[in-house]
Each structure stands twice: as structure tokens, then as C-alpha cells.
Amino acid sequence: MRYLLSYSIVFVFCFQSQVFSAPMKMIGMKGKSSEVTKIIKVKMYDNYYEPKTINVKKGETVRFVVENKGVLVHEFNIATMMMHKKHGPEMLDMMKMGILLPNKINKEKMKQMAKMNPKMAHSHANSVLLEPKQRAELIWKFTSDAELFGGCNVPGHLEAGMISKININ
């Protein structure tokens, strides 16, 4: 009986990792710098992105150079609309916990909260979270035909129009 319980626990943990990695594989994967074939600059203003439409090819590895030109904290997150909707409450929790402030990210509090809930670390291969005037790069390989969007899931921003359509040709 003890062995059955041990095997059950191992099975659940193995299966759980496959379930959580499945959505990420559905939209692509973290790209390798050596495979970048295109560079796209994304400018984040308060509640909109430039460009509004992003065109990529299936199989292409893109380096996104993302710059926050606004006065608020913003995110650039590559995901399906369903994934954006699921990520929104996590971002709201980060605000409620004092991690996300209007114009600042409390990184010390983020580290503390991530020890209790790893989602609070906000370290996703498909996303960057930036304070005003910050710049970061994200390398993504587009391996699927999923309908994707670059969106800001800081509460209220996506709803206000901070979203870009990603066309995969």
C-alpha cells in the first residue's frame, strides 16, 4: 500500500508538469539567440502598443526588443486570448500584494511572495514586465498556428486596448 501511494504521488507530479507545460507548447517555445531570424521592436505606451499588428512566419525565431515608453508598469506577454484571461487574475493578485505598483515593481516583495507561490515570480519565457523607461528582450520561436496576441495583463490595460495581434503566416 505504501508503494502504491508513493507511485501515485510520483505520477501526479509528472502528469502535473505535462499539463502545465502544454499551454506553453501550444503557442510556441523560448527561442535561442543563435536562431533569431527577425527583430521586432515593441514600444509600450500607456494603454497601447506599437506596432498594433505583428507578422511572423511559423517556425520563425523572433527577438522582441520591448521598451516601456509610458509612465506606468507594463507587460508584453505572448499568449492566446484564453491564456491572457487566465493570467489577468495573477497580475491582480500581484497588485493586491503590493508587488505591482502603478509605476514600480517591488522586486523584493516579488522574491518573498515567490517563495510561497512561484507564480508571483513572474518569470515566464513568453513575457516581460517592465517599469517605465525600462527595456528588455524576449526571444520566441513560433511553432504553432494558434491565434496569438501580445498583451499587457496589468489590470485594466488589456481591456483598455493594450494588445497587438500576432499574425502567423
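Mentor: The expected span of a helix is 1.5 Å times one less than its number of residues. Please keep in mind that this model is predicted.

Trainee: What makes the span of helix 2 close to the expected one?

Mentor: Helix 2 has 16 residues and reaches 23 Å from its first C-alpha to its last, which is close to the expected 22 Å. Its buried residues are Met83, His84, His87, Gly88, Glu90, Met91 and Met94. Just after helix 2, Gly98 has a positive phi of about 80°.

Trainee: Why is Tyr45 called partly exposed?

Mentor: Buried means under 20% relative accessible area and exposed means over 50%, with partly exposed in between. Tyr45 has 21% relative accessibility, so Tyr45 counts as partly exposed. Tyr48 has a relative accessible area of 37%, and therefore Tyr48 is partly exposed as well.

Trainee: What makes the pair of Phe64 and Phe142 edge-to-face?

Mentor: For Phe64 and Phe142 the values are 6.2 Å centre to centre and 70° between the planes. The distance is within 6.5 Å and the angle is over 60 degrees, so this pair counts as edge-to-face. The pair links distant parts of the chain: Phe64 belongs to strand 5, while Phe142 lies in the loop between strand 10 and strand 11, 78 residues apart. Both Phe64 and Phe142 are buried. Ring pairs also link Tyr49, Phe64, Phe76 and Phe142 into a cluster.

Trainee: Which residues have the most contacts inside the largest nonpolar core?

Mentor: They are Val42, Phe64, Phe76, Ile78, Leu129 and Phe142, in a core of 36 residues. Among the elements that give two or more residues to this core are strand 2, strand 5, helix 2 and helix 3. Not counting residues up to four places away in sequence, Phe64 touches several residues, including Ile40, Val42, Phe76, Ile78 and Phe142.

Trainee: How do you know that the charged end of Lys165 sits over the ring of Phe149?

Mentor: The distance cut-off is 6 Å from the ring centre, and the charge must also be within 35 degrees of the ring normal. The charged end of Lys165 is 5.2 Å from the centre of the Phe149 ring, and it is listed as sitting over that ring.

Trainee: What makes strand 3 an edge strand?

Mentor: The open sheet of 5 strands has the order 1-10-5-2-3, with mixed pairing. Strand 1 and strand 3 are its edge strands, as each pairs on one side only. Strand 3 runs antiparallel to strand 2, and 3 bridges join them.

Trainee: Why is Glu50 called partly exposed?

Mentor: Glu50, which is found in strand 3, has 36% relative accessibility; this lies between 20% and 50%, so Glu50 counts as partly exposed. Leaving aside neighbours within four places in sequence, Glu50 is in contact with Lys41, Val42, Lys43 and Tyr45.

Trainee: How do you know that both faces of strand 11 are covered?

Mentor: Leu148 and Gly150 on one side and Phe149 and Gly151 on the other are all buried. Strand 11 is joined to strand 6 by 3 bridges in an antiparallel arrangement, and Ile78 has Gly150 as its bridge partner. Strand 11 also pairs with strand 12 in the antiparallel sense over 4 bridges, where Gly151 stands opposite Ile163.

Conventions
Residues are numbered from 1 along each chain as its sequence is written. This is a predicted model: local features need pLDDT of at least 70, side-chain atom pairs count only at pLDDT 80 or more; totals for chains, interfaces and linings use all residues. Side-chain values use heavy atoms; hydrogens and water are left out. Two strands pair if DSSP finds at least two bridges between them. A nonpolar core is a set of buried Ala, Val, Leu, Ile, Met, Phe, Trp, Tyr and Cys residues joined through side-chain atoms within 4.5 Å. Buried means under 20% relative accessible area, exposed over 50%, partly exposed in between (1.4 Å probe, protein chains only). Contact means heavy atoms within 4.5 Å. Rings of Phe, Tyr and Trp (its six-membered ring) pair if their centres lie within 6.5 Å; planes under 30 degrees apart count as stacked, over 60 as edge-to-face and the rest as tilted.
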